[in-house]
Amino acid sequence: MKALHIITGLGVGGAEQQLRLLLRHLPVRCDVVTLTNPGAVAEGLRADGIRVRNLGMRGNRDLTAVPRLARLIRRGAYDLVHTHLYRACVYGRIAARIAGTTAVATEHSLGRADIEGRPLTRGTRALYLRTERMGAATVAVSGTVADRLRDWGVPAARIHTVANGIDGAAFRYDGAGRRTTRASLGVPQDSFVVGGVGRLVPGKRFDLLIRAVAALPGAWLVLAGDGPEAGALRVLAARSGIADRVRFLGECGAGSASPGIPEALWAMDTFVSASREETFGLAVVEALAAGLPVVHGACPAVDDLPPDRAPGTTRISSLTDPVGELTTALRHRMESGTRRLPPPPAADHYDIRLSSERLMTVYAHALDTAPPTERAHS
């Protein structure tokens, strides 16, 4: 089988990095097209031996993207097209239909009132639903997303849940790595370190972490990620009097001067994901695989599992005093003494190899149920 993955962009983001990890384990010949922004993940994919093309879209309404994508699909003789993120799903499904090729889409970022961090409008939803019918299947990255798709009106038979996955071995705790990372960041070896990972955007509520750490004398904060809120968060840390106890790592990983995400997690004592809304919560699963206690807000990766599958997690949900609730939870962790936990069953439940196997089942179903013209093309 030969598949073409179409994604809106390849900067550092959860969906983009999940695609790269998935392609390392998917037993399919794959190429990738990014509509725009061939960033750090594009470089990583090429380093993995994946062919990546940049379509160079000039904007959301660049309708020339459709015929150009259709030509790429035909010339590549792909058996299947797999689209990721809203714009790529809209344009990619139309192009696949024109090219007579079966299409599957993954819905990574559908919230209750937004998609990919942008407010949902009536027009956005209508366009999504019209083009969704052009594909053979829609993959939801969690049960929560699957429920939202059904609420939108996507037929249940077309929805397949394939959870995001991780390579747990890459996050397994390394004590020597912890000491090295703390030394490189100038963080005392015996200090209590709170950590967070993700795009620095309002929805992640990293400001709560800064305010909570400010109320805990002696605690440090490590934030891995970059985004439009970086400047405001730095100002908040300074105004809270803890600029010297906060480390902003920026984007982590290949090509970065900062530690990688596993190394950053090893340096932490408690992980916090304070998001009010998430579609999965991949960073939480990575933190659990690193043996970290986790304090979290909305997190389908944990919320969709029985409690005994993710021990070491603490849910916060206060609408009136989220900083107070988070501070109390962190103080409890701090006073109880830092200790590493064994990776919980959730880490194995979300193994990327299982995600790959489940996706192959979706591919087989999509090809088997494709219209005769698409099946002949395959």
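L209 sits in helix α8, which spans residues 206-214, and that residue is a handy place to start a tour of this predicted model. From there we move on to a pair of packed helices and then to the cysteines.

**Around L209**
- L209 counts as buried, because its relative accessibility is 0%.
- Leaving aside residues up to four places away in sequence, L209 touches G195, G196, L221, L223, V272, A274 and L326.
- G337 lies 128 residues from L209 along the chain, and the C-alpha atoms of the two are separated by 19 Å.

**Helices α5 and α6**
- Helix α5 covers residues 122-132 and helix α6 covers residues 143-152; the two pack at an angle of about 95°, with axes 11 Å apart.
- The angle falls between 65 and 115 degrees, so α5 is roughly perpendicular to α6.
- On the α5 side the contact involves R125, Y128 and L129, which meet L149, D151 and W152 of α6.
- By class, the residues of this α5 and α6 contact are four nonpolar, two charged and no polar.

**Cysteines**
- How many disulfides does a search of the whole structure find? The search comes back with zero.
- A disulfide needs two cysteine sulfur atoms within 2.5 Å. The sulfur of C30 has its closest cysteine sulfur in C89, 16 Å away, so the pair is too far apart for a bond.
- For C252, the closest cysteine sulfur belongs to C299 at 19 Å, which is also too far for a bond.
- C30 is buried, with a relative accessible area of 10%, and C252 is buried too, at 13%.

Definitions and conventions: Residues are numbered from 1 along each chain as its sequence is written. This is a predicted model: local features need pLDDT of at least 70, side-chain atom pairs count only at pLDDT 80 or more; totals for chains, interfaces and linings use all residues. Side-chain values use heavy atoms; hydrogens and water are left out. Buried means under 20% relative accessible area, exposed over 50%, partly exposed in between (1.4 Å probe, protein chains only). Axes are lines fitted to C-alpha atoms, for helices over the stretch in contact, and angles run from 0 to 180 degrees between N-to-C directions. Helices (H or I, at least four residues) and strands (E, at least two) are DSSP runs, numbered from the N terminus. Angles under 35 degrees count as roughly parallel, over 145 as roughly antiparallel, 65 to 115 as roughly perpendicular and the rest as oblique. Contact means heavy atoms within 4.5 Å. Ala, Val, Leu, Ile, Met, Phe, Trp, Tyr, Cys and Pro count as nonpolar, Asp, Glu, Lys and Arg as charged, and the others, Gly among them, as polar.
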